[in-house]
Amino acid sequence: MRRTDTLTRDRPEMVGQGPLLSVQGLSVEFGPSGNSVYAVNDVSFDLAEGESLAIVGESGSGKSVTVQTLMGLIRKPPGRVTSGRALFRGRDLLTIPDSELRHIRGRDIAMIFQDPMSSLNPVLTIGLQLTEALREHQGLSEKQAERQALDMLDLVGIANAAQRMQAFPHQFSGGQLQRIGIAMALVCKPSILIADEPTTALDVTIQAQIVELVARLQKELGMAIIWISHDLSLVAGFVERVAVMYAGSLVETAPVERLFAAPTHPYTIGLLNSIPSLTAANTRLVPIKGAPPNVMLPPTFCAFAPRCDHAVSRCREAKPVLEPVVSGHAAACWRWRELHGVSRVPAAAVATDRASKAAPNEPLLTVFGLKVHFPIRRGVLRRQVGAVRAVDGVSFEVLRGETLALVGESGCGKSTTGRAVLGLERPSEGEIRFEGKDYADASGERAKERRRDMQMVFQNPFGSLNPRMTVGRIIGEGLRAQKIGTRASREARVSELLALVGLREPLRDRYPFELSGGQRQRVGIARALAGSPKFIIADEPISALDVSIQAQIVNLLDDLKARLGLTYLFIGHDLSMIRYLSDRVAVMYLGRIVETGTTASVFGTPMHPYTRALLSAIPVPDPKAGGTRRRIVLGGGVPDPSKPPSGCHFHPRCPKATEICARVAPEPRDFSSSNAAQHIVTCHHAGEA
Amino acid sequence: MLSYLLRKLLLGVPVLFGVTIIVFAIAHAMPGDAVLAMITAEAPSSEELIAMRRGELGLDQPLYIQYLNWIGEILHGNLGRSFVNGRGVAAIIGERLPMTLELMGVALLAAFVIGTTLGVISALRQYRLTDYSLTLGGFVGVSIPDFFMGLLLVYVFALELRWLPSSGISTAGDSFSIADNLRHLILPAAALALFRAAIFMRYARAGMLEVLNQSYMRTAKAKGLRPSIIVLRHGLRNALIPLVTVFGLALPTLFGGSVVIETIFQWPGIGLMFIDAVVNRDSPVIMGYVLITAIIVMLANLATDLAYSVLDPRVSYD
């Protein structure tokens, strides 16, 4: 046996009767009573030894507050537990004093957090951060604690663990840090691991690594897991039971297969409909209408009613409780009996037939050999000693009227490419032709000219809108800057734009902080559209939004494209969404494009090993597919772009790499079966059997 | 790191050169000169005598020659000679600088320790009585200028309570002892420290509040660590980083403050020397003082930069 048997728990009291953790009627409020935020309302669930439970919900659903309350991590005040019990091995976590709870935290119940960068202390070595819980709870000597920490680092797959104990968090990549975070949580061999969105801040291929790691460790260490997530597809593959939360209440709980096969609560059904399917393309997404719930109202009615297609007066008058649908499956809905069996996709799946659109062929934008290098300067005289090759020779075309998606993981240069096209970054080399004119070196008037026809929608709708300006001013600012129209005509244009993106006129005088994430992104889109551009660069416009809102924004972008005849360069990393909304795809890795083709051909017959790995890493909203799908988990992370690997940048991580890949950078080759659309792959081994 | 230091030191040379020009210009733009200052104090003198004295001091030469002479002195490691007693300025400063450094060092250290501790306590007890009292105290502290604080302390502790001496560095007539020196140090150091402690407290409170909201503090708590480790090891280390800037900025103001405080308490440091020199229009001493202050402030800024890289492993200079 390997080291793992020394790590299995050896606590005698673990063979128990009943659940390991039993949460009963938990309610948590924030703020002064009378003006409370009702964060968690009457939540009950059990967790058995070794069981894995997912709590799924959107931001503000109360899923994180629930588990943080159990751990005693919410601040009181302003937080208040207004009712409930949480029995862990017979002790109520909510009433025992913090001095006692402290000995359960980290030892019996451990937690891993969302953003590994910010959840590790930046000024302490990871060795210290790994050993301190061991020394605290088990009274080990520094030597002993270090040995156990090293074992744990090995187990989570950190190479050269002994040398890296003295390193600080910033010296690791995000994926490595999350592994360290997991090691840190597991050093004391807890019986429950709470994972609070541990992969949300990570890239798809790294996410796949982490999910696999946690699933493996759960088996080896025999612990129970509560996995908090906003992503139903992600948890489909590896948990046993799912609890769906909405506005602080549990709305449905079921074994995972059952939940996906027979979702019962309208919210669960809505969530599933908002996820684009990887298998069935060309159906319009069915978003959940409306905005996230108002948790300032006391929970005396069904919080989902305002967004529910099936709501009746009763739903607005009384709050439904969880009722068993079948054994192990419960839903909190007044009408579940009538609605049971309602099709998952109502309104007969509005088909959007992309293929039949006027075939575009005239290039609007041509990028050729684009390089953006950021100099690295060192020494007394600040001589340039190297460069971060953010974009290292990228060529592509965007045809009039199409959506080209630029896909890749963080650090691959996709955003820098977008910024260079718009002129926010100065290219080191290459051509950027828009409607035939080269703008690569444009400045002054010519740069302005480019901005009229080209606009950008930014990723973070919270950071990209000036908090001191009203919505109306934000949208109209570009018009003022470009001196388009008169004051009155600009005002009229703002109204028109608000209507166009589906915002009500009174919102014009509001400030960004008063809006929801989806509304803010609509403002960002309206701002981009103000000067009637032909071309929109959308840099991850939906990744900061909730799932049900993402679908709304994607549909809006789709409608606008059709109505205004726009062309999109869509930058993103969410492959299922990209498959849904793009006509063609370009896959980037470490500053270069590795594969370009129509969406159908790239997703249908991916030819570059990186594209294949990327596609296989996408979580599928189907618990049964988990077993049959072969997942290519790439080792390691994306290399440092200032020292890219020789030859093909991908070769150190490539399962197919041979000797030539390390020496010679491959040339792009066309593998399309027809000559209508190209399918270009930059790989020595593409097309081989 | 080494190349960073070297670059900073090299960049300091033109800065100091600029300082010499400004200092020289100001010293010579002052009304009157050393000879006139002496003469008014003594009996009235003839025009010839004045001219002769000016000749002896080199004051009759064109300004640029005087400047170049001074620069020559600096490059030789001297700072010229005092017009008043003919002693080398470097020697005078060398004699008095330790007194000032003692006063400033103690004041700054006390301000930092007291201010940071109270700031952290205040942050941990946010919106409670302790926090409100400390915040109010801090407000009073920053509102009282140090010269007034000095006079207040003299009045209360030296004149009314008669606990502490109010001037000098040791009791006249007694042989010098450390204990006696420290008793003399308390009031002037407190006068300098209180205002700065209040400032450190404000920043420490803000810094700690910010750190308390960081995810890694939640992680530390989730690990079940004891509260003291969470606050000191995980919190304070991070909260100190922004305080380094405040510490670096406090130093130049301390020189200004010590001029006034040394005068009030007759503390024989370079501040008192400077005031005497201004009264006597002793321009070599004035210029020497400003130049030394500039060098110390520059070195302190460099030390601040280095302190960052010690406290924060993410900061590295190259």
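This is a predicted model: local features need pLDDT of at least 70, side-chain atom pairs count only at pLDDT 80 or more; totals for chains, interfaces and linings use all residues.
**Entry 1: chain A, domains**

I began with how chain A is divided, and found domain 1 at 21–239 and domain 2 at 263–354. I then looked up the spacing: the C-alpha centres of these two domains of chain A are 30 Å apart. The contact draws eight residues from domain 1 of chain A and eight residues from domain 2 of chain A.

Which elements of domain 1 of chain A give two or more residues to the side that touches domain 2 of chain A? I noted strand E2 (37–47) and helix H10 (232–236) of chain A. E2(A) has the largest share of that side, with four residues. Sorting the side of domain 1 of chain A that touches domain 2 of chain A by class, I wrote down four nonpolar, three polar and one charged residues.

**Entry 2: chain A, the UniProt record**

Next I turned to the record. In an unreviewed entry, UniProt lists residues 23–272 and 376–615 of chain A for "domain: ABC transporter". I checked residues 23–272 of chain A in the model: this span is 40% helix and 26% strand. Its end C-alpha atoms lie 27 Å apart.

**Entry 3: chain B, domains**

On to chain B, which is divided into domain 1 (1–76) and domain 2 (96–311). Here I found the C-alpha centres of the two domains of chain B to be 32 Å apart. In the contact, 16 residues of domain 1 of chain B meet twelve residues of domain 2 of chain B.

I also wanted the elements behind the domain 1 side of chain B. Helix H1 (2–29) and helix H2 (34–41) of chain B each supply at least two residues to the side that touches domain 2 of chain B. H1(B) gives the most, with ten residues. By class, I noted ten nonpolar, four polar and two charged residues on this side of domain 1 of chain B.

**Entry 4: chain B, the UniProt record**

For chain B, UniProt lists residues 97–308 for "domain: ABC transmembrane type-1", again from an unreviewed entry. I looked up that span in the model and found 83% helix and 0% strand. The end C-alpha atoms of residues 97–308 of chain B are 27 Å apart.

**Entry 5: where the chains meet**

How many residues of chain B are in contact with chain A? I found 23 residues of chain B, touching 25 residues of chain A. H1, helix H9 (215–222) and helix H10 (227–264) of chain B are the elements that give two or more residues to the chain B side. Of these, H9(B) gives the most, with seven residues. The residues on the side of chain B that touches chain A divide into seven nonpolar, seven polar and nine charged.

**Entry 6: a helix pair in chain B**

Last, I looked at helix H7 (residues 146–160) and helix H8 (residues 178–212) of chain B. Their axes come within 9 Å and cross at roughly 135°, which means that H7(B) is oblique to H8(B). The crossing of H7(B) past H8(B) is right-handed.

I listed some of the contact residues as well. From H7(B) they include Met149(B), Gly150(B), Leu153(B) and Phe157(B). From H8(B) they include Leu187(B), Pro188(B), Ala191(B) and Phe195(B). I noted the classes for the contact of H7(B) with H8(B): twelve nonpolar, one polar and one charged.

Note on methods. Residues are numbered from 1 along each chain as its sequence is written. Chains are lettered from A and ligands numbered from 1 in the order in which they are written. Domain bounds come from an automatic or database domain assignment. Two residues are in contact if their C-beta atoms, placed from the backbone, lie within 7 Å. Ala, Val, Leu, Ile, Met, Phe, Trp, Tyr, Cys and Pro count as nonpolar, Asp, Glu, Lys and Arg as charged, and the others, Gly among them, as polar. UniProt positions are given in the numbering used here, feature names are shortened, and annotations may be inferred rather than shown by experiment. Axes are lines fitted to C-alpha atoms, for helices over the stretch in contact, and angles run from 0 to 180 degrees between N-to-C directions. Angles under 35 degrees count as roughly parallel, over 145 as roughly antiparallel, 65 to 115 as roughly perpendicular and the rest as oblique. A crossing is left-handed if the near helix is turned anticlockwise from the far one by less than a right angle, and right-handed if clockwise.
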